[in-house]
Amino acid sequence: MSEMWVNMGPQHPMTHGLWNLRVKIDGELIVDVDPEIGYLHRGIEKICEYRRYNEVVTLMDRSCYVAGLAWEQLYFIAAEQALGVEVPERAEYVRTMAQELQRLASHIMWYAAYVEDLGLMSPMLYGMRDRDLVLDLFQSFTGARMTYEYMRVGGVRNDLPVGFSDRARKVMDWIEKKLVEYENLCERSDIFRKRTVGVGILKAKDCLNTGVTGPMLRAAGVARDLRRDRPYSVYSEMDFVIPTHDGADAYGRYRVRMEEMRQSIRIVRQSLDWLDRHPGRVMAEKVPRFVGTPSPPPGREEYVLARDFPKGRGLAAMEEPHGEAVAYIVNEGNEHPYRAKLRSPVFVNISAAKHYMIGYRVSDIPVIMGSVDVCLGEADR
Amino acid sequence: MTAVSSWPEALARLKAEVPDAITGESARPGVLAVLAVPAPSIRRLATWLRDEGTFSHCSLVLGIDWIDHMEVVYHLWSDALKGYLELSVTLPAEDPHVDSLGGVWGGAIWHERETWDLLGIRFDGHPDPRRLLMPEGYKFHPLRKSFELREPEELEVKSRHV
């Protein structure tokens, strides 16, 4: 049979975002793929060069719409390094807790969308229901459900509200119980197992060569996690394990994400324990509200971090829900960066598509791409 | 040969086994070291770092427009040393080009495509030298400092495929 190119995207239920997967097929067999991105390119790196540090927070939210807090913190860690700003300890614990809630929300969102791609409808409804509980928590301390604008250079915008700890613990207990139900829905389903086991294999050697990170890499048996290997924030104080799987397939990625959710719940509980033991709303006073504003509003002078910005560079690396995210900031002594660069894990994971798609069938495409967990907002930036 | 177990050991072996591959070394918090690399020796150095220096993961390639010259920065991750190594290559402002590392780490291919697309730095021997984020046929490299922010414009976008 003759080969032909098929465009899956930019509008296609499989894509979960705006991008185009060009697939060369021979009958049902995939012989070549060519992912095309850029449909969501908004020039965030260019705009960063024109905005003061704190003004970029809205863009970071929108660079990944399911993990906004991760990108906010990533950019500000790099900025804090470049500018030499200290973060209060309490703010670090709040950040860590927010990161893990974000990972939980992102993974549940992935679960809901992925299992629906495979034709199982009810897990999606359960997943969306439980993710909403996490979004409620976000709303209670950031004021928003998806675009939070919560992190600041040197800390976070505000402290946690009264009674937050109890509410968060209840939600964690609930989700921990429901994770068992999620797993039963999937693992007892022949359809789910038959469609995911042994599909989309990317072995550890290829993962390392192609730069693939995150759950895809850990599903191939490589226990690399920047939370442990290069601890940022207060992850060095946290007790958690790095789940791995040796399947290197779509099923392995599903297993890794399921275990990661349990570890996230553990870390959230540990952060809440620390925050309960160290009460006080001390953090907000120490966090500069305005970075580099030449004339602060009257009476707000103590909130301003306006001084000679040093020349410097900052490199921040974080384990985002999708993998290794890196921000690199070059500061030339201004209140905005000279060059800001964001490394998106999804960008790299998509770029390796040739390595995990060729040789499978057309009907496997949603299964494989879903297991990669794509979010095009951060790939295109 | 045993694998290196610390950065000073790696650096000593690097200087002995790949002579003249680096012209400067400096320190910065957050990275193992920053190495200044002359453009012609980047591929030789990268291959050594991958095979002998345990830097199995090419995390990031980016370009910086310094107006009078260009800079390409590479970030490599080592699972054994648990840290990032930063390589910096200085290129002339006129027709900047450097050897592609796409043959050393497959993960560098799209980063280099993006750097060509947004900054106009060519990567010699690149396996897939197309635009990535901007449309094919776009006149500018928008991350260059000579490109000012502007209002949205209508683009004549040619179809990428025939």
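Predicted model: local features only at pLDDT ≥ 70, side-chain atom pairs only at ≥ 80, totals over all residues.
A:Asp373 belongs to the loop between helix H15 (365-372) and helix H16 (376-380) of chain A. With a relative accessible area of 9%, A:Asp373 is buried.

Strand S9 (residues 323-332) of chain A pairs with S10(A) in the antiparallel sense, over five bridges. A:Arg343 of S10(A) is the bridge partner of A:Val326. Six residues lie between the strands of this hairpin, in which A:Gly333 adopts a positive phi near 85 degrees. Strand S10 (residues 339-343) of chain A is mostly covered, five of its five residues being buried. The covering extends to both faces of S10(A): A:Arg339, A:Lys341 and A:Arg343 are buried on one side, and A:Ala340 and A:Leu342 are buried on the other.

The contact between the two chains involves 42 residues from chain A and 46 residues from chain B. The size of an interface is often given as the accessible area lost when the parts come together. For chain B and chain A, the buried area is about 3,800 Å², and carbon and sulfur atoms give 55% of this area. Of the area that chain B buries against chain A, 17% is supplied by B:Trp110, B:Leu133 and B:Leu149, more than by any other three residues.

Polar and charged interactions also cross the interface. Between chain B and chain A, 20 residue pairs are in polar contact, and eight salt bridges are found across the interface. One of the salt bridges joins B:Glu86 to A:Arg313, with the closest N and O atoms 4.0 Å apart. On the side of chain B that touches chain A, at least two residues each come from S3, strand S4 (69-78), strand S5 (83-92) and helix H3 (108-119) of chain B. S3(B) gives the most to this side, with nine residues. By class, the side of chain B that touches chain A comprises 24 nonpolar, 10 polar and 12 charged residues.

Terms used: Residues numbered from 1 in each chain as written. Chains lettered and ligands numbered in written order. Heavy atoms only, no water. Buried < 20%, exposed > 50% of the residue type's maximum accessible area, 1.4 Å probe, protein only. Helix = DSSP H or I, 4+ residues; strand = E, 2+ residues; numbered from the N terminus. Pairing = 2+ DSSP bridges. Contact = heavy atoms within 4.5 Å. Buried area = accessible area lost by both parts, 1.4 Å probe. Salt bridge = Lys/Arg side-chain N within 4 Å of Asp/Glu carboxyl O. Polar contact = N/O pair within 3.5 Å; in protein donor to acceptor, adjacent residues only side chain to side chain. Nonpolar A, V, L, I, M, F, W, Y, C, P; charged D, E, K, R; others polar.
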